[in-house]
Amino acid sequence: MMAMHAATVASRRWNASGAVREDTPRSDFICVLPPPVKGDGSPMFRMPKLRRFRRPGNWTKVQCSIFGPLGRFTGSPARGGGWREERPLRAGVARGTFRHRRSPNPKSERKMSQDKAAKQDTLPFPDEPSGSKAGRTIAESVYSPRPALRRLPADAPNILIVLIDDAGPGLPDALGGEVHTPTLQRIAKEGIAYNRFHTTAMCSPTRASLLTGRNHNRVGNGQITELANDFDGYSGRIPRSSALVAEVLKDYGYSTGAWGKWHNTPANETTAAGPFENWPTGLGFEYFYGFLAGEASQYEPHLVRNTTVVLPPKTPEEGYHLSEDLADDAIRWLRTHRALAADKPFFMYWASGAIHGPHQVQKEWADKYKGKFDDGWDAYRERVFERAKKQGWIPENAELTPRHPQMAAWDSIPDNEKPFQRRLMEVAAGFGEHVDAQVGRIVDEIEAMGCGDNTLIFYIWGDNGSSSEGQNGTISELLAQNGIPTTVDQHIKALEELGGLDVLGSPLTDNQYHGAWAWAGSTPYKGTKLLASHFGGTRNPMAVRWPAKIKPDATPRAQFHHCNDVVPTIYEVVGITPPREVNGVAQDAIDGVSMAYTFGDAKAKGRLVTQYFEIMGSRSIYHDGWMASAFGPRTPWLPGVPPGIAEWTPDKDVWELYNLEEDWTQANDLAAKMPEKLAQMKEIFIVEAARNKALPIGGGLYVALFHPELRLGSPYTEWTLTGDTVRVPEFAAPALGNKPNLVTIDAEVPAKANGVLYKLGGNSGGLTCFVEDGILCYEYNLFIVQRTKIRAKQKLPAGKVKIEIETDYIEPRAGGPLKVTLKVNGKLFAEGTVPVSAPLGFTANDCLDVGIALGSPVSLDYRKKAPFKFNGTIERMHVKYAAPRAMQARA
């Protein structure tokens with residue numbers, strides 16, 4: 001065995017004898033280096049003489065690289081079998097890699113060319129030469145086409161990955177919760193389910209990891225794409241060195257399609273002008289229908305088909321709902337596939353926008369849950385905990401973790417607020433049942449096609465735990481992201497003006513439940529979404545069904561696994577060797593571990609030994625049955641900027657230690673009793689963080705809290721738009737609501753002018769300038785709770801008109817008040833003050849439209865007339881940023 005003097009080894013890819021595995025070009029391990037024995041403080045290495053490795057093919061060249069917190073050792077065999085040390089490494093926990101390089105061997109190369117399904121190293125496959133032989137004339141030629149190559153086994157399964165959004169393990173009734181999920185129950189009952197499957201605790205990171213088989217920071221997704229920065233692990237771009245599973249399956253002969261929430265394209269690359277290489281169709285999916293952002297209105301979403309912006313096929317009044325539309329489109333695609341490409345297997349990735357905020361579903365779905373949550377979130381957790389035990393989903397010795405001291409008890413909620421809080425949960429529950437029903441429709445279609453038996457389904461309930469970003473309960477969930485403080489009474493008052501509790505879940509609100517309901521939805525664990533430290537943020541149920549190969553088994557799979565393990569599982573069951581090169585780019589090693597060994601054996605020993613978690617400073621490390629956790633600087637359910645964040649350093653965070661073999665829910669902190677074990681776990685974490693590009697710790701906070709001025713946006717400061725410019729995503733549009741600017745519109749105005757001149761955002765928050773019966777109007781909609789309306793007192797003149805809308809800060813600070821001035825042909829028509837502005841932005845997925853209000857209308861004044869197209873002509877709309885006059889005055 002290759003070993004270090006006095007080293008202990010624990011490995012993901014280490015076989016029983018301790019030797020490097022012979023079937024992989026890379027083997028990773030963790031080792032504890034010995035104390036210093038040299039004068040320079042570095043440990044002494046004793047590497048044995050190298051023996052020739054006998055491996056399949058011709059893996060013979062070996063290199064060893066070891067990375068520690070204070071140094072690096074890279075060695076390769078010297079003549080005589082010794083090792084050359086290139087740089088000393090100091091004592092501590094280190095991560096090592098053996099790499100085995102291929103030597104030319106014509107025989108093995110010929111063998112590989114005859115077995116491309118399992119052995120192809122480079123994708124795409126090279127073009128096959130013609131079987132025909134051309135002569136001087138057709139008569140002298142031999143026409144003999146080669147038979148079509150099939151690079152997949154005849155029984156290669158169809159594959160469907162379903163990913164529900166922001167859904168915790170304490171919700172589904174299939175697992176002890178109280179949200180009816182018959183499809184999830186059906187997949188689990190007809191297959192198997194995993195009760196220790198994990199995600200990253202956040203949207204974009206989980207999706208990037210799930211689709212590449214790599215850790216989220218290694219593929220540049222340390223946080224959501226909208227908050228990307230220049231650190232490698234937080235760039236918001238999946239590198240070409242980590243090809244998506246869709247790219248690989250497509251090259252092998254699968255038809256590939258994706259639906260729903262994408263959230264893995266840089267926000268400033270989501271316009272109709274592209275670039276498109278980071279859109280789903282640029283990353284291996286032959287078809288895409290859905291939205292690129294992190295969330296969308298369920299009634300009026302901004303949608304994309306492939307690389308073309310499209311409008312929803314119906315209006316909310318006609319019964320439109322996004323989850324239903326995504327299922328409809330997936331079913332149409334399946335039928336087309338069956339009609340035109342039935343000989344090819346399919347790979348489908350269906351990622352709903354539910355149950356991410358806004359929680360929106362038709363009233364009849366929410367009404368199914370009337371009265372079911374009247375006793376509040378504390379009682380809900382107790383019921384679900386006991387039921388999960390009875391159903392065998394969690395072990396008998398599991399403990400129910402206590403409520404966080406900074407989370408409200410149900411009994412502390414004033415009686416006049418409780419109906420509001422109850423209805424928010426009823427809507428969320430209906431939303432969850434509704435999306436599960438749509439998954440059921442897709443599964444029904446697959447079975448109706450006769451494909452059910454050989455379709456491998458991964459149904460993942462949540463890309464992270466339930467979301468507490470609704471904080472104290474809200475009718476407009478992006479208030480929290482903007483850090484704008486409000487009271488529940490403000491929300492209730494605004495809701496009453498809209499029509500009362502029955503309006504929740506409708507197009508008129510962007511509601512999301514109280515953070516404590518999210519905690520209840522993550523029963524029995526501590527924490528919620530955004531907490532990578534505790535299982536309430538990272539532990540999500542997964543059900544797997546494949547009737548052809550997996551026998552139904554009610555015993556939950558309790559092996560510790562991660563979302564990056566899905567891709568290597570797919571590769572193993574299909575028989576694909578992960579490629580070493582894709583589209584000319586050398587590929588990074590897969591981080592995940594195949595779960596196929598668990599398909600037929602519920603009690604098989606787990607093969608995942610080490611897994612790190614980190615989201616915005618909240619972090620943990622799993623290693624060999626133990627977990628160390630640090631809560632981090634943010635408490636997701638508390639409004640506002642975390643106190644003391646400017647001085648925060650990860651060095652001062654308090655760590656916890658848990659023995660997961662005895663403590664299912666992280667209920668018993670052993671940090672004080674076992675400081676040496678905790679120190680070892682912390683060392684393993686920093687090594688894993690360094691190896692996976694997760695440094696600096698808390699790198700995802702760089703833009704969100706420390707430098708919001710660097711948030712992704714358009715690089716321009718001046719725009720010239722035409723009257724038909726529509727559907728410009730807010731992140732790429734002029735920031736008309738939080739930067740000093742001048743909008744100049746050259747228009748031909750009719751005698752009876754009506755219609756929208758422009759709108760940015762939507763009903764949940766935005767601004768708009770429009771004409772109503774000849775009167776020039778402006779509205780700044782601050783997330784429904786506050787609307788500032790400015791109206792002229794005289795009508796616009798008919799004919800050619802120059803309209804100017806000037807916005808300036810009264811106090812140049814984030815969220816500061818704005819002065820808005822409306823001029824027509826140089827004359828003041830109206831002015832007013834916006835008391836509070838939106839510092840980050842209005843929406844995640846709505847747009848800037850000129851001359852019309854597509855998507856969600858900003859103003860209730862024209863909602864019933866939407867899209868309220870301007871009945872004149874806008875020849876030009878010019879936008880230019882300006883320096884705040886308040887700043888100029890100070891200077």
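Proline 275 sits in the loop between β10 (255-261) and β11 (287-291). Strands here are DSSP runs of E with at least two residues, and they are numbered from the N terminus. This is a predicted model, in which local features need pLDDT of at least 70, side-chain atom pairs count only at pLDDT 80 or more, and totals for chains, interfaces and linings use all residues. Residues are numbered from 1 along each chain as its sequence is written, and side-chain values use heavy atoms, with hydrogens and water left out.

Let's start with the peptide bonds. Most peptide bonds are trans, and most residues other than glycine have a negative phi. The bond that joins glycine 274 and proline 275 is cis, with omega about 0°. Another cis bond runs from alanine 866 to proline 867, and its omega is near 15°. You can find proline 867 in the loop between β34 (847-850) and β35 (873-881).

Now turn to phi. Which value does phi of arginine 727 take? It is near 60°, a positive value in a residue other than glycine. Arginine 727 belongs to the loop between β24 (718-721) and β25 (728-729). Is this arginine 727 buried or exposed? Arginine 727 is buried, its relative accessible area being 6%; buried means under 20%, exposed over 50% and partly exposed in between, using a 1.4 Å probe and protein chains only.

Isoleucine 784 also has a positive phi, near 75°, and is a residue other than glycine. Look for isoleucine 784 in the loop between β29 (775-782) and β30 (786-795). Isoleucine 784 is buried, with a relative accessible area of 6%.

How values were computed
Helix = DSSP H or I, 4+ residues; strand = E, 2+ residues; numbered from the N terminus.
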